[in-house]
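Hi,

Here is the structure I said I would pass on.

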Amino acid sequence: MKRMSWTFRVPFQNIKNFVVSRPPAVIFAFCVASFGIVTLCLSLYIKHTSSPLRNPDEKGWNDVAVKMNKLNMCLLAPGVSPSINTTGMEAASVAFEMMLPVHEIWKNFTVISGSIAAIDLGLRDNIGTNLSFSLSLMQSQNKLCLNLYHPRFVSMPHGAPTCNSLQFNPFPKSIGAFVLPREDKKLTTGSITPKCADNSAFDVKLIENPAWTVLLGKEERARSSHHLMVASLFLLASFFTILCFAAVRGGSSSKPIKISNPGRIGSEDKEPLAP
């Protein structure tokens, strides 16, 4: 019984020595265990929850609305045509409601068109591609039809009803506009920021529609849960490996001392005298 108690005491003593003598390794093991538990809980939550989960890999029209709300635009002078290209392009359109109060610019114009970089709308797979756009006022003063003209290789969001920009604008009052560069672009490129003329700056504040949120499907949920489960098992296995190492080796990092045989102490163990 005494020997068994000594046997169980040794691993715990080794772990105690490991904690005292190797704090960086202990912090690393604690982080690994924490990440493993978090990913395990997240895997079980994704698998068993009945709540709808947003798909972070798919861009929806709500993401486009968020990006549009961050843009600052300037109206061109009357009679100046915007630099747009719709030849051979595909069109995508969706209706958005605008936040109140609506900008006063819509009292004078019903269609505003221009060009916008795909990356400004969150389409990061198409860096360097410009899209032509138009904003058309619909039947109410707080609703817009957003039209985006894009090449075929640019994938646009789905899941929202389309709108007809000319349905409520048979005789549109049109004007061109351009998008001001974002602050991060100004810092990285060092370009000179164009200035808006007096009373020509405007922005749009679009309201997101919860029905357009792209959700995870049943198969996507199962796949995500499986990947997180595999990651959590790997992390927890790594933690238990560190724990076993601590139980076996403890905090000792010194080399074992070689003890000479007492019965062989003689002239061979002594250092030779210098000649």
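Let's start with the sulfurs: Cys145 and Cys163 form a disulfide, with 2.0 Å between their sulfur atoms. The link is right-handed, at 85° about the S-S bond. The pair joins distant parts of the chain, since Cys145 sits in strand β5 and Cys163 in the loop between β5 and β6, 18 residues apart. Both Cys145 and Cys163 are buried. A search of the whole structure turns up one disulfide. As for Cys31, it counts as partly exposed because its relative accessibility is 32%.

Before you read too much into any of this, bear in mind that the model is predicted. Mean pLDDT for the chain is 79, and 81% of the residues score at least 70. Confidence is highest in α2, at 93, and lowest in helix α4 (residues 183-189), at a mean of 49. Residues 1-6 stay under 50 in pLDDT, and the model gives them zero contacts beyond four places in sequence. Residues 254-259 also stay under 50, again with zero contacts beyond four places in sequence.

Now the core. Helix α3 (residues 61-69) is largely enclosed by the rest of the structure, because seven of its nine residues are buried. Those are Trp61, Asn62, Asp63, Val64, Ala65, Met68 and Asn69. They pack against β1 (73-75), β2 (90-97), β3 (111-117), β4 (130-137) and β5 (143-150). The largest nonpolar core has 36 residues, and Trp61, Met68, Trp106 and Leu146 touch the most other members. At least two residues of this core come from each of α3, β1, β2, β3, β4, β5 and β6 (174-179).

What does Trp61 contact, leaving aside its neighbours within four places in sequence? The partners are Ala92, Val94, Phe96, Leu146, Leu148, Met156, Pro157, His158, Ala160 and Trp212.

Helix α2 (residues 23-48) has 26 residues and reaches 38 Å from first C-alpha to last, close to the 38 Å expected at 1.5 Å a residue. Its buried residues are Ala29, Val32, Ala33, Gly36, Thr39, Ser43 and Ile46. For the spacing in that list, recall that an α-helix has 3.6 residues a turn, so residues three or four places apart point the same way. The buried residues of α2 pack against α5 (218-249).

Asn55 is buried, because its relative accessible area is 5%, under the 20% cut-off. Beyond its neighbours within four places in sequence, Asn55 is in contact with Val214, Leu215, Leu216 and Glu220.

Last, the aromatics. There are three aromatic pairs by the rule used here. Phe18 and Phe245 make an edge-to-face pair, because their ring centres are 6.2 Å apart and their planes stand at 80°. Phe18 is in helix α1 (residues 2-21) and Phe245 in helix α5, so this pair ties together parts 227 residues apart in sequence. Phe18 counts as buried at 6% relative accessibility, whereas Phe245 is partly exposed at 35%. Phe239 and Phe240 form an edge-to-face pair too, 5.4 Å centre to centre with 65° between the planes. Phe239 is partly exposed, with a relative accessible area of 22%, and so is Phe240, at 47%.

Cheers

Notes:
Residues numbered from 1 in each chain as written. Predicted model: local features only at pLDDT ≥ 70, side-chain atom pairs only at ≥ 80, totals over all residues. Heavy atoms only, no water. Helix = DSSP H or I, 4+ residues; strand = E, 2+ residues; numbered from the N terminus. Expected span 1.5 Å × (residues − 1). Buried < 20%, exposed > 50% of the residue type's maximum accessible area, 1.4 Å probe, protein only. Contact = heavy atoms within 4.5 Å. Core = buried A, V, L, I, M, F, W, Y, C linked by side-chain atoms within 4.5 Å. Disulfide = S-S within 2.5 Å. pLDDT = per-residue confidence, 0-100. Phe/Tyr/Trp six-rings, centres within 6.5 Å; stacked < 30°, edge-to-face > 60°.
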